[in-house]
Amino acid sequence: MTPPVGATNWHNMDEEESWDDRFDPDEYEEEAGASFAILGGPEIYGIHYGYGIWLKGTPVFGDYALSLFHNDIEDAMYSGVGLTFRLMPHWRFAPFAGAGGSYNYALSHKIPQPGPEPDPLILEDRGDSYWGGHAEAGCRWWLANRIGLVELMGRYMWTSLKGKDRDYWLIGFSTGTGF
């Protein structure tokens, strides 16, 4: 009996052959292309560059990204690297929902000048680098012209920073070359 297409027969491997010699990403992945987004919220704004990959024959989409943004809550500038997974059909107008995470490195932040008494509103980890998790939803439109795609989305971010009101909402608009 032969294994299905795309399946690896692990029992008949040579001793010198490893699992990655038999794994062919082209059998499982389909490139979606690059995208560029402008993200913003009441206290946060920035840019986001991503590159997406589909699992072939499924609505599962992955996007790894780099971002640069200013966060007024922390009074700091950040650079982030992240990964998002989405469920999104291959339709001309495709609604989606997803979740992911990121690490956001503080490039610069303003340190408040200490007064005679400590200010309870100034948190100890203000402006520090942090881990974030997010949930998102939106719609993607595939255009049959040079633009490629247009996307509108909303995202809620949870941060690893301590204290109240450190999480935030973002709205994003993006365009890209692939679907």
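Mentor: Strands are DSSP runs of E, at least two residues long, numbered from the N terminus. The model here is predicted: local features need pLDDT of at least 70, side-chain atom pairs count only at pLDDT 80 or more, and totals for chains, interfaces and linings use all residues. Residues are numbered from 1 along each chain as its sequence is written, and side-chain values use heavy atoms, without hydrogens and water.

Trainee: How many cavities of 30 Å³ or more does a search of the whole structure find?

Mentor: A cavity is a set of points on a 1 Å grid over the protein atoms alone, where a 1.4 Å probe fits but cannot get out. Points are joined across faces, edges and corners, and a volume is the space filled by probe spheres set on them. Three cavities reach 30 Å³ or more here.

Trainee: Which strand gives the most to the lining of the largest cavity?

Mentor: Lining residues have an atom within 4 Å of a point. Strand β3 leads with six residues. The lining has 25 residues in total; L39, H48, S67, N104 and R155 lie nearest the centre.

Trainee: What is F36 in contact with?

Mentor: Contact means heavy atoms within 4.5 Å. Leaving aside neighbours within four places in sequence, F36 touches I47, H48, F173, S174 and T175. F36 itself sits in β1, residues 29-40.

Key: Helices (H or I, at least four residues) and strands (E, at least two) are DSSP runs, numbered from the N terminus. On a 1 Å grid over the protein atoms alone, a cavity is a set of points where a 1.4 Å probe fits but cannot get out, and a pocket is an open set with protein on both sides within 12 Å along at least five of seven lines; lining residues have an atom within 4 Å of a point.
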